[in-house]
Structures are given as C-alpha cells and as structure tokens.
Amino acid sequence: MNLLVRNSNSFFLEISQILSFTDEDGNDNMKQVIEANYRQIKADVMQIVENEMERIKNDPNLQHLIQKQ
C-alpha cells in the first residue's frame, strides 16, 4: 500500500511503504510483530543492566554504588 501526500503546490507525491505487517497469506500480524519487538527490547535492556552491574561490581572505584545483600 502506497500513500499519497499533498504538498504545498497541490500535487500528490507517492510515499512508498516501508514496512508491511501483512504476511504472504494476507494475514495482518502487526500485533505479533510489536509484541516480539517489545520482548526483544525488554531482553536487551535486561542484558545491559546485567552487564553494567557486573562492570560496577568489578570496578573498585564504583563498588560502593551497589548495596551488599
């Protein structure tokens, strides 16, 4: 699906579609794609936090920032 956009000179320019959520059978899978992206971002953030916590634990100048359990 391409969109037509009107510019200030009153003629239309076609904007090509960047991403389609329709699979080869014509099913709309936008919800699944968004949920998969959400899960991936959440996992990425958790990995960043774990990496930074480990880095802080191993840095003598930063160790005081972590509460001992």
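Visitor: How many salt bridges are counted here?
Guide: The count comes to one salt bridge, defined as a side-chain nitrogen of Lys or Arg within 4 Å of a carboxyl oxygen of Asp or Glu. This is a predicted model, in which local features need pLDDT of at least 70 and side-chain atom pairs pLDDT 80 or more, while totals for chains, interfaces and linings use all residues. Residues are numbered from 1 along each chain as its sequence is written, and side-chain values use heavy atoms, without hydrogens and water.

Visitor: What makes the pairing of Glu52 and Arg55 a salt bridge?
Guide: Their side chains meet at 2.8 Å, N to O; the limit is 4 Å, so the pair qualifies. Glu52 and Arg55 are three residues apart in helix α1 and therefore separated by about one helical turn.

Visitor: Why is Glu52 called partly exposed?
Guide: The relative accessibility of Glu52 is 35%. Buried means under 20% relative accessible area and exposed over 50%, with partly exposed in between (1.4 Å probe, protein chains only), so Glu52 is partly exposed. Arg55, at 42%, is therefore also partly exposed.

Visitor: What makes Ile41, Val45, Val49 and Met53 a patch?
Guide: These residues form a nonpolar patch on the surface, with about 340 Å² of accessible area together. Patch residues need over 30% relative accessible area and no salt bridge, and nonpolar side chains (Val, Leu, Ile, Met, Phe, Trp, Tyr) are joined within 5 Å. Met53 has 36%, so Met53 passes the area cut-off.

Visitor: Where does Met53 lie?
Guide: Met53 belongs to helix α1, residues 30–57; a helix is a DSSP run of H or I with at least four residues.

Key:
Patches are made of residues with over 30% relative accessible area and no salt bridge: like charges are joined within 9 Å, nonpolar side chains (Val, Leu, Ile, Met, Phe, Trp, Tyr) within 5 Å. Accessible areas come from the Shrake-Rupley method with a 1.4 Å probe; for residues, only the protein chains shown count as cover. Helices (H or I, at least four residues) and strands (E, at least two) are DSSP runs, numbered from the N terminus.
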